[in-house]
Amino acid sequence: MSSLINKITLSQADKEFFWKNGFIKLNRLLTREATDKLRELTYNSKLIGKAPEYYTGDFARIGYGIENAVTHQIYSEENFKYTIKQLIKNELTFTESVGFELTPNKRGFYFHLDLASFSFIQAEDLAYSLWIPLAPINTKEQHGGMAYVPQKVYPASGYFSLIYELVQHENIAEFCQTEDFKFFNFPHASKVEELILEKNKVEDDFEVGDALLLNKFVWHRSVPLKEGKLPSRMAYTMRFVDSQARYGKNFLDDFNYMVKAMGDDPLTSFGYKLTDLKEGDLISKSKFVDN
Ligand SMILES: [Fe+2]
């Protein structure tokens, strides 16, 4: 395989944009060979045909844990490390990938944080997603991309803390039985939060090969794909945790308890693969991840 990642040199303004807002669009990060391979991987993966809508959003297809040698090569390449290093001081540890396919009659996810995908680390520890659209995104025509909100508008670190505290609460089991819990809908922003997030959202155009890097404190949602010449929009997301991120087994258990209380099955069991770690150990030290 030839190089899958282009070496990108970022300006000081680009870096400051990322540090301030929590996300950055990386133009031409992936080569055509990389996006062709990721499209094939996403298309051929055994994705969940019908995902539970309440929890996951409304997609034509969604699948967790669909990484292979291509994924491994992407995050191992020097060009990838060089590009990321300019934005993030610590090394990143790859955890898992998710594939999505959005069609014109599907709305995708409402505004949310990737709580489930990062439910195995401590509340304040850093983690990142690299969202790679596999079709062009045109915000003047079909849309179908993502909308995201600068982290300073409504800092999501407070939301992570709230959920971490909530799952540990001594009355959580009783709370899960109440009407209030049903209305809480914790995987998504509330209607009030949505009002503010909608007002401040950013939506970009993407060529195939561009990618969006965002940290776990950035609220984001799918932008529905309108009818048009694209029959569907596939995207591939790679998840990473900071090399200093610590294992949170207690939270993982409690979080999944709450997901089940909502009537859904946890979609990813990645956190349970790290059987060599104790509460508070560095994820990067597990033999079940590679750095
Ligand atoms: Fe997400």
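His143 is found in the loop that runs between strand E4 and strand E5 (146-148). In this predicted model, phi of His143 is near 60°, a positive value in a residue other than glycine. His143 has 20 C-beta neighbours inside 10 Å and therefore counts as buried, given that the cut-off for this class is 20 or more. A positive phi in a residue other than glycine is likewise found at Arg28, where the angle is near 50°. Arg28 belongs to the loop between strand E1 (23-26) and helix H2, and with 13 other C-beta atoms within 10 Å this residue is classed as partly exposed.

As to the chain as a whole, the protein comprises 10 helices and nine strands. The C-alpha trace spans about 55 × 45 × 40 Å along its principal axes, and 41% of the 291 residues count as buried. When contacts of the protein chain between residues at least 6 apart in sequence are considered, 88% of them join residues at least 24 apart.

Strand E9, which comprises residues 233-242, is mostly covered, with 10 of its 10 residues buried. Both faces of E9 contribute to this count: on one side lie Arg233, Ala235, Thr237, Arg239 and Val241, on the other Met234, Tyr236, Met238, Phe240 and Asp242, and all of these are buried. E9 pairs with strand E3 (residues 92-102), to which it runs antiparallel and is joined by nine bridges; within this pairing, Phe100 stands opposite Ala235 of E9. Strand E4 (residues 127-133) also pairs with E9 in the antiparallel sense, over seven bridges, and here Ser129 has Arg239 of E9 as its bridge partner.

Phe240 has its place in strand E9 and is buried, with 25 other C-beta atoms within 10 Å. Leaving aside residues up to four places away in sequence, Phe240 touches Leu92, Thr93, Phe94 and Thr95, and also Ala127 and Tyr128. Leu126 and Phe240 are 114 residues apart along the chain, yet their C-alpha atoms are separated by 9.0 Å.

Helix H4 (residues 69-76) presents another arrangement. Its residues Thr71, Ile74 and Tyr75 are buried. These three cover an arc of only 85° around the axis, which means that they are on the same side of H4. An α-helix has 3.6 residues a turn, so residues three or four places apart point the same way. On the face of H4 turned away from its buried side, Ala69 and His72 are exposed. The elements that cover the buried residues of H4 include helix H2 (32-44), helix H5 (78-85), E3 and E9.

Conventions: Residues numbered from 1 in each chain as written. Predicted model: local features only at pLDDT ≥ 70, side-chain atom pairs only at ≥ 80, totals over all residues. Buried ≥ 20, exposed ≤ 12 C-beta atoms within 10 Å, placed from the backbone. Helix = DSSP H or I, 4+ residues; strand = E, 2+ residues; numbered from the N terminus. Pairing = 2+ DSSP bridges. Arc of directions from axis to C-beta. Contact = placed C-beta atoms within 7 Å.
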